[in-house]
Amino acid sequence: MYVAVKGGERAIDAAHDWLAEERRGDPAIPELSIAQIREQMALAVNRVMAEGSLYDPDLAALAIKQARGDLIEAIFLIRAYRTTLPRFGASKPLDTAAMRCDRRISATFKDAPGGQVLGPTFDYTHRLLDFALAAEGEAPVARQGDPVAGDTPRIMDFLNADGLIQQEPPSDDTPADLTREPLEFPAGRDLRLQALSRSDEGFVLGMAYSTQRGYGRNHPFVGELRIGAVEVVMDIPELGFDICIGEVTLTECETVNQFTGSKSEPAQFTRGYGLVFGQSERKAISMALVDRALRWDELGEEDVGAPAQDAEFVLAHGDNIQATGFLEHIKLPHYVDFQSELELVRRMRREAMGEMKEAAQ
Amino acid sequence: MTLHDPNYNFAYLDEQTKRMIRRALLKALAIPGYQVPFASREMPMPYGWGTGGVQVTAACLTPEDTLKVIDQGADDTTNAVSIRKFFQRTAGVAVTEQTAQASVIQTRHRIPETPLIEGQILVYQVPIPEPLRFLEPRETETRRMHALEEYGLMHVKLYEDIAHNGEISTAYAYPVKVEGRYVMDPSPIPKFDNPKLESAAIQLFGAGREQRIYALPPYCRVTSLDFEDHPFEASKADHDCDLCGCATSYLDEVIVDDAGGRMFVCSDTDFCTGRREGGHRGRLSPEDMA
């Protein structure tokens, strides 16, 4: 009898119970703690914070645990939670020149004031599975050194001082915020950067890679990549002065890109910029490349029709929560619409067959 | 009214956000068929699951409301159950399955068979609000086309349908013109439902992922696009409901056995139940039902 869609409520409850059991896995195996995920899955935590647009390592770790390690699902949990948070105000612009750098490298100069600091990077590891990790051993201890005192100067500032790189006009305008206002086009660079910073890492990586392979090439050099903690300073009106309310770890990437010039303007390098929560350097570099590709118009370049040059294409499709939601929604029931198509196709076939029969007679 | 979960504001969204949505709703009602951008929030259900409709419903609900939620015309489809539970938890409002009892109805893909009356609000979940989207993928372009009332592309598409297939081959999300001005996507309802778009109720359309709200005020003129020699036809399966015998309701086709046997039943479960309770019988009604 007709029972196909009955019992929805019971089915949902049972599915949730089963999911909870599967999430936990074999109860004979010790449960993961939030602190373990935060400390030992730090790069996953960073990605969830970056794309979730919420800097809270503990909540990100909780989301990863709840999502069974599905990072997009974890990002979704963080985004939904973020919606419920009141907004108290905005911080002062972060001063990344005052970053306490764990890592700071430049690919454009052999050395520079502040030095090349490799930091905790996979870059020069050999990707050989370390079977020793399968056994639980002693916690490794790295050798200690003295921290570099003072601010680390920006590589870009050296180029800037010589007029070799395009100037960015300073502005005190409040940046746009796509989490408060609907995204509309054309989108200014502030909005584009915000969108890219929250965009799916894989999507931004693919877009950036496409520019390297010739779809809107912009000859990038990593002028500087720095990772470290930055103070968040806020002006509290009741106090009448600025105070530091905490610090966040960021990855910042500034690229030096192909130069432009004309009869009136001498040749100058151009810039791309990436800034992402946590240690997320693949994302930050990708972001800088895509940012640069999207600047073709303001820099007087040609639109070669490359996907990475198309702000509407990049911004409308980079958000993995929007993308995964719309993609996966096609598994929801659509039988009413399907029924109407079924009838249409049957009728069109009937008519076509009738015509073919007539033609044959 | 029962109490709502005290951990959340009434109907989940904070008052600021609800005000923002209400402003968009008022603008949408003032310009029927026009897509108003709004700062859609991330909801605790995925985009594509009705986040636009949920936000519109949240902005409309008062504690005295009675809510009905349907998906595919049915109150017991999984996502309808899930959304209804969400508002029971976060707003504590009364819920009903009866169209006539509801003050707010959230729907996906159907308009109830029972005619709506003044004072009721029908909230649609909308995946792609832009009727021109599949003809022109760029938002900047389609907004310009609406502004200039440049709908030639749509008419060419409908004409090409007829040239290729002998008829307009759009079976759902069939485009309409509102008050002779804006071309509007009625959301993916079957075209059978299009005539019901002219209604005594307020109709609100929410597209969460696409950040758009649009609306049809009561008694607003809504015309399905067509040609004089190919007039619009609200079609349905050529059967009667096998449970209640109704010959005029929209039907689901259900495969009932391995041999491909079919039955046809009303997609609107409340409507069908009401008719059966009123003594109507269909081809496959159990004998003991009388």
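This is a predicted model: local features need pLDDT of at least 70, side-chain atom pairs count only at pLDDT 80 or more; totals for chains, interfaces and linings use all residues.
Chain A divides into domain 1 (2-82), domain 2 (96-120 + 143-318) and domain 3 (334-360). Between the C-alpha centres of domain 2 of chain A and domain 3 of chain A the separation is 56 Å.

Helix α1 of chain A spans residues 8-24. From its first C-alpha to its last, this helix of 17 residues reaches 25 Å, close to the 24 Å expected at 1.5 Å a residue. The number of buried residues in α1(A) is 0, so the helix lies largely in the open. Just after α1(A) comes Gly25(A), which takes a positive phi of about 70°.

Two further helices of chain A, α3 (residues 42-52) and α4 (residues 57-66), pack against each other with their axes 9 Å apart and at an angle of about 105°. Because angles of 65 to 115 degrees count as roughly perpendicular, α3(A) is described as roughly perpendicular to α4(A). On the α3(A) side, the residues that meet α4(A) are Ala44(A), Val45(A), Val48(A), Met49(A) and Gly52(A); their counterparts in α4(A) are Pro57(A), Ala60(A), Ala61(A), Ala63(A) and Ile64(A). By class, this contact has 9 nonpolar residues, 1 polar residue and no charged residues.

The contact between the chains takes 39 residues from chain A and 47 residues from chain B. On the side of chain B that touches chain A, at least two residues each come from α3 (78-90), α4 (139-147), β11 (251-255) and β12 (262-266) of chain B. Of these, α3(B) gives the most, with 4 residues. The class composition of that side of chain B is 20 nonpolar, 16 polar and 11 charged residues.

How values were computed:
Residues are numbered from 1 along each chain as its sequence is written. Chains are lettered from A and ligands numbered from 1 in the order in which they are written. Two residues are in contact if their C-beta atoms, placed from the backbone, lie within 7 Å. Ala, Val, Leu, Ile, Met, Phe, Trp, Tyr, Cys and Pro count as nonpolar, Asp, Glu, Lys and Arg as charged, and the others, Gly among them, as polar. The expected span of a helix is 1.5 Å times one less than its number of residues. A residue is buried if 20 or more other C-beta atoms lie within 10 Å of its own, exposed if 12 or fewer, and partly exposed in between; C-beta atoms are placed from the backbone. Domain bounds come from an automatic or database domain assignment. Axes are lines fitted to C-alpha atoms, for helices over the stretch in contact, and angles run from 0 to 180 degrees between N-to-C directions. Angles under 35 degrees count as roughly parallel, over 145 as roughly antiparallel, 65 to 115 as roughly perpendicular and the rest as oblique.
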